[in-house]
Amino acid sequence: MKHLPKHLRPRWRYLAVEIETWPDASLNRGSFQRELWYAAQNLFGDVGSADADLTVLGFDSGECVAETIVRARRGHVDEARAALACIDDIGGDPVGVRVRGVSGTVRACSERYLHGRAGFSEQRDVVFENESRTATVRDSLLDVSGPDGFTGATQLDLE
């Protein structure tokens, strides 16, 4: 079977996506792809979600942050952004999803918008609410573990 000529091939756009969650959450490509499909289907129906053809290409997961590239058909970037905005949990763990940028090629998307933040975190003992607790530190953000789960904090909250 021959390949389609270039002018008949589908054209794609690639969205660089950052996913942020608590340190004890487990994120993987399959569960994120499933949530993305469900969000698109609930938002646009079967036909609309099939037209957008949203696919997760890669998945780099760290302790609190994951980075991925989502492929969407050209002309359906707004639908892809809307579906990503509807994702609020993955596998029962609350998440925050942010689109860093959109590009026409995977290489440009990766070089411009994905910086390898996934995996850059450290554990530190901090004093929070007059008690010694363990915190996961990323840049200037801290996720402090407590009896009721995690609390998001900054360096200013500890002083």
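## A strand pair and its sheet

Strands S7 (residues 131-138) and S8 (residues 141-146) pair in the antiparallel sense over four bridges. Two strands pair if DSSP finds at least two bridges between them. Across this pairing, Ala-135 stands opposite Val-144 in S8.

The model is predicted: local features need pLDDT of at least 70, side-chain atom pairs count only at pLDDT 80 or more, and totals for chains, interfaces and linings use all residues. Residues are numbered from 1 along each chain as its sequence is written, and side-chain values use heavy atoms, leaving out hydrogens and water.

S7 and S8 belong to an open sheet of four strands, ordered S6-S7-S8-S9 with antiparallel pairing. Strands S6 (122-128) and S9 (149-154) stand at the edges; each has a single partner strand, so one side of each is left without a neighbour in the sheet. Strands are DSSP runs (E, at least two residues), and helices are runs of H or I with at least four, numbered from the N terminus.

Ser-49 lies in helix H1 (residues 29-52). Its relative accessibility is 18%, so Ser-49 counts as buried (under 20% is buried, over 50% exposed, in between partly exposed; 1.4 Å probe, protein chains only).

The whole structure holds one aromatic pair. The rings of Phe-32 and Phe-59 have centres 6.1 Å apart and planes at 40 degrees, so the pair is tilted. Rings of Phe, Tyr and Trp (its six-membered ring) pair with centres within 6.5 Å; planes under 30 degrees apart are stacked, over 60 edge-to-face, the rest tilted. Phe-32 is in helix H1 and Phe-59 in strand S2 (residues 55-61), 27 residues apart.
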